[in-house]
Amino acid sequence: MNPITMQLVADKYIKMALEEDISSEDVSTNAVMPEYKKGDVQLICKEDGIIAGLQIFERVFTMLDPQTTVEFKVKDGEEVKKGQLLAVVTGDIRVLLSGERTALNYLQRLSGIATYTNSVAKLLEGSKTQLLDTRKTTPGMRVFEKYAVRIGGGHNHRYNLSDGVLLKDNHIDAAGGVKEAIAAAKAYAPFVRKIEVETENLDMVKEAVEAGADIIMLDNMTPDEMAEAIRIIDGRAETECSGNITKENIQTITKLGVDYVSSGALTHSAPIMDISLKHLRVLEA
């Protein structure tokens with residue numbers, strides 16, 4: 001995550017997370033450490049995976065105290081192993097204790113997403129199909145979770161509702177049909193925006209092609225239906241497969257030759273990666 005994104009976007013969410021955890025004071029830390037003492041603590045990996053979110057982890061501590069330093073042993077996107085030393089955090093022990101949970105929450109969550117995404121992306125190696133995330137993200141965590149998807153080897157679909165045109169079932173119902181929805185989008189949206197439309201059956205696919213959709217999403221279709229849809233589209237639009245995409249069925253789907261496959265599971269179902277801060281030492285009074 002570049003410094004501009006960190007300062008303009010990420011900082012406000014990190015600050016909110018810290019305020020959620022420290023509404024007035026950290027009673028436990030202030031009880032055992034009433035005054036400044038310098039110390040350090042080790043960041044230890046407790047299971048294999050792909051690490052992601054190290055800058056976010058660091059920013060939690062430097063937001064509490066700019067004098068905090070983090071010596072990283074790894075970089076985002078690297079494979080890490082159980083028992084590996086990932087970093088050493090040095091600074092005011094009160095900061096190390098107060099920032100610990102928030103920093104780990106980010107790092108565990110993002111590393112879990114990167115690890116899961118990587119395991120799915122590997123199943124697509126050798127195919128033309130790109131793996132996409134969705135907007136099924138945790139509120140207040142989207143910028144971080146979509147970053148973790150990229151670190152894991154996936155790609156981002158639109159970031160939010162302002163980022164692109166995607167006409168889903170309820171948009172189509174509101175407009176009165178596929179053709180009407182696409183016509184309305186073409187008339188309203190800037191010409192630089194691609195128009196994607198969600199289809200649930202072959203009749204909708206035919207209508208979307210005829211109306212000039214740029215991308216046609218094949219939603220919750222069987223492999224046979226998707227194969228026929230791709231034949232109907234015949235290269236006149238890009239294709240995206242969506243709906244209950246998992247590691248178990250993704251290879252069957254990508255063999256059909258779709259351009260994209262989107263999976264909400266990358267962000268809403270990835271388990272966290274177990275990472276801990278251990279072995280805190282007092283360095284000086």
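Trainee: Which residue in E12 stands opposite Lys38?
Mentor: Glu284 stands opposite Lys38. This is a predicted model, where local features need pLDDT of at least 70, side-chain atom pairs count only at pLDDT 80 or more, and totals for chains, interfaces and linings use all residues. Residues are numbered from 1 along each chain as its sequence is written, and side-chain values use heavy atoms, with hydrogens and water left out.

Trainee: Over how many bridges do E1 and E12 pair?
Mentor: Strand E1, residues 38–45, pairs with E12 over 7 bridges, in the antiparallel sense. Pairing requires at least two bridges found by DSSP. Strands are DSSP runs of E with at least two residues, helices are runs of H or I with at least four, and numbering starts at the N terminus.

Trainee: And the sheet, in what order do the strands come?
Mentor: The order is E3-E5-E1-E12, an open sheet of 4 strands with antiparallel pairing. E3 (69–72) and E12 (275–284) each have a single partner strand, so one side of each lacks a neighbour in the sheet.

Trainee: What does H3 touch?
Mentor: Helix H3, residues 54–64, packs on the sheet and touches E1, E3, E5 (85–92) and E12. Contact means heavy atoms within 4.5 Å.

Trainee: Different topic. Where is Asp65?
Mentor: Asp65 lies in the loop between H3 and E3. Leaving aside residues up to four places away in sequence, Asp65 touches Asp92 and Val95.

Technical notes:
Axes are lines fitted to C-alpha atoms, for helices over the stretch in contact, and angles run from 0 to 180 degrees between N-to-C directions.
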